[in-house]
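Me: I'm new to this one and would like to know what lies behind the words used for it. Could you take my questions in turn?

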Amino acid sequence: MNFNDLPAIGQPLDAGTFVGLTTKPDGTHHAVVLLADKPEKRLTWKASLAWAKKLKAELPTRPVAALLFANAKAQFESDWHWTSEAYDSSYAWLQLFGDGGQGSHGKSFEARARAVRLIQLTL
């Protein structure tokens, strides 16, 4: 997909909602698609990663979680949501959709999860 094919933010894309763009450390650009799916209950970090993988998706990185807060806050509960990033061997990063803060908590903590798909873009 190329940049010119992208819909406006908030519009449907790839079975989800287009919420913006991100650039990975390798320099590749990606469209971020938020899926509507939500787990029925709060999950541990490891269970959240597995849940997203079953959807052929992933948990957002910390920068993508901040993008979701900026562009799609209304689609989230005002609560902690896991990101895909570990803090260390025992903790992982979360995004708070109440005030936009990020923090870490033990991986056994049960938080909400949402999945995204990243679609690589061409110029």
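Me: Which residue of β6 stands opposite Trp93?
Reply: Trp93 stands opposite Ser104 in β6. Please keep in mind that this is a predicted model, where local features need pLDDT of at least 70, side-chain atom pairs count only at pLDDT 80 or more, and totals for chains, interfaces and linings use all residues. Residues are numbered from 1 along each chain as its sequence is written, and side-chain values use heavy atoms, with hydrogens and water left out.

Me: What makes β5 and β6 a pair?
Reply: Two strands pair if DSSP finds at least two bridges between them. β5 and β6 (residues 102-106) have five bridges, in the antiparallel sense, so they pair by that rule. Strands here are DSSP runs of E with at least two residues, helices are runs of H or I with at least four, and both are numbered from the N terminus. In the hairpin of β5 and β6, five residues lie between the strands, and Gly100 takes a positive phi near 90°.

Me: How many bridges join β4 to β5?
Reply: Four bridges join β4 (residues 80-86) to β5, and the two run antiparallel. His81 stands opposite Gln95 in β5, and a hairpin of four residues joins the strands.

Me: Why is β5 called largely enclosed?
Reply: Buried means under 20% relative accessible area, exposed over 50%, and partly exposed in between (1.4 Å probe, protein chains only). Five of the six residues of β5 (residues 91-96) are buried, so the rest of the structure largely encloses this strand.

Me: Why does Phe69 count as partly exposed?
Reply: Its relative accessibility is 22%, so Phe69 counts as partly exposed. Phe69 belongs to helix α2 (residues 62-72).

Me: Which residues does Phe69 contact, leaving aside its neighbours within four places in sequence?
Reply: Contact means heavy atoms within 4.5 Å. With those neighbours left aside, Phe69 is in contact with Gln95, Leu96, Phe97, Gly98, Asp99 and Gly100. Phe69 and Asp99 are 30 residues apart in sequence, and 8.8 Å apart in space from C-alpha to C-alpha.

Me: What is the order of the open sheet of four strands?
Reply: The order is β1-β2-β3-β7, with antiparallel pairing. β1 (12-13) and β7 (116-120) each have a single partner strand, so one side of each is left without a neighbour in the sheet. β3 (residues 29-34) pairs with β7 over five bridges, and Val32 stands opposite Leu118 in β7.
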